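Please keep the model open beside them as you go.

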Amino acid sequence: MIQTTSGLRGLFQSLRPAASLSSKDLQISMYRWYTSPAESSLQELSKPCVSEEDKYADVDWDNLGFGLTPADYMFVMKCSKDENFRTGQISPFGNIELSPSAGVLNYGQGLYEGTKANRTDDGRILLFRPEQNAMRMKRGAERLCMPSPSIDQFVDAVKEITLANKHWVPPPGKGSLYIRPLLIGSGPILGLGPAPECTFLIYASPVRNYFKEGTAPLNLYIEEEFVRASPGGAGGVKSITNYAPVLKAITKAKGRGFSDVLYLDAVNKKYIEEVSSCNIFVLKGNLISTPATIGTILEGVTRKSVMEIAKDLGYQVEERQILVDELVDADEVFCTGTAVGVAPVGSITHQNKRIEFKMEGQLVCQKLYSTLVGIQTGVIEDKKGWTIEIH
Ligand SMILES: *Cc1c(COP(=O)(O)O)cnc(C)c1O
């Protein structure tokens, strides 16, 4: 906290060199600076700004998709490869400078994360389990030979960037502020090896539905030519190297009218693994199954949360290998992820056969989703300590 706050304070001190700011002042002046940089006077500073607190950025909140609408500020923290991260800075969102020989550009040494801030009906802002993303980034950094921010540094930076961009957290019911941390090998290197310097960066963008389908059921296509991840690879971490290679499969599937691709295991090509950026679940009777994470599947925070919610609601939950052939008997199939939430799957096409799933009546996945979103938005009491309110 101290480290990142000092970065922020440094920014304000450089803007208002004479002011010595208490944290209360800091909050007010932060707010002021974000909204009206042109008119600042000490007189105004002392005015209560309670009503102004509710102000939102100038966004067409009713027409948000999952496109980039960059929020005002980003967070940047650098460190050399054999050291630990220390102090970060908040700066206006903008381009970053990299050497053409940066590790990330040449060898794909990079990780991303994704988490969301939501607004409650009474205007508070809640984060959802950011420490889970921090832990996952740590595991990924280990895999890609990069230093990573500590759990506290990561969570504090997420809190700070959310606070700095609080006017970009959509009004209740209009979406979320999607927070995108990156960890990249930013230093120059020519021979293959870990980059000498790494950069931890966070930017944010308000978003709503990930799929153009909105909350309508997804139509998935089972890919047999391309694989997403193989044993011993990096499929279990959010390495940027896992994503460009599936663009071809996604493009092919979308071109044929499907929503996304469901990948099979690379070895046997008979077990389902996951979708391009979300995990998959299969419901049969009272049993909810999801593929076990054995290094080829990303361990989603939503996946983990939904498994726990499902158990609380009385379902039996299993992590196991799931055969493609089991899909025909499923009562429901759904996907989970920060970006998609819990999305019902209406059909899965495999070898030109289309398997359709029940869509009428009260779906179990909708119950899971409303519970999850209820906790994330403060409608349902959070008895699990999953949400963090930020001030
Ligand atoms: C990010 C991601 C998920 C979902 O993880 P969440 O933590 O729930 O957002 C699932 N699969 C892949 C491949 C991903 O990149």
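1. Lys238 sits in the loop that runs between β8 (218-223) and α7 (247-255). Helices (H or I, at least four residues) and strands (E, at least two) are DSSP runs, numbered from the N terminus. Please bear in mind that this is a predicted model, where local features need pLDDT of at least 70, side-chain atom pairs count only at pLDDT 80 or more, and totals for chains, interfaces and linings use all residues. Residues are numbered from 1 along each chain as its sequence is written.

2. Is Lys238 buried or exposed? Lys238 is buried, because 25 other C-beta atoms lie within 10 Å. The cut-offs are 20 or more other C-beta atoms within 10 Å for buried, 12 or fewer for exposed, and partly exposed in between, with C-beta atoms placed from the backbone. Setting aside neighbours within four places in sequence, Lys238 is in contact with Leu111, Tyr112, Glu113, Arg136, Gly140 and Leu298; contact means C-beta atoms, placed from the backbone, within 7 Å.

3. For Lys238, an unreviewed UniProt entry lists "modified residue: N6-(pyridoxal phosphate)lysine". UniProt positions are given in the numbering used here, feature names are shortened, and such annotations may be inferred rather than shown by experiment.

4. Two of those contacts of Lys238, Arg136 and Gly140, are also among the buried residues of α5, which include Pro130, Gln132 and Met137 as well. Just after α5, Cys145 takes a positive phi of about 55°.

5. Now for the ligand. Around the ligand are 14 residues, of which Gly300, Val301, Thr302, Gly337 and Thr338 come nearest; a residue counts as near if its C-beta atom, placed from the backbone, lies within 6 Å. The shell divides into three nonpolar, eight polar and three charged residues. Here Ala, Val, Leu, Ile, Met, Phe, Trp, Tyr, Cys and Pro count as nonpolar, Asp, Glu, Lys and Arg as charged, and the others, Gly among them, as polar.

6. Which helix gives the largest share of the shell around the ligand? That is α8, with three residues. Both α8 (301-312) and β14 (332-337) supply at least two residues each.

7. Lys311 also lies in helix α8. Lys311 counts as exposed, because it has 12 other C-beta atoms within 10 Å.

Terms used:
Two residues are in contact if their C-beta atoms, placed from the backbone, lie within 7 Å.
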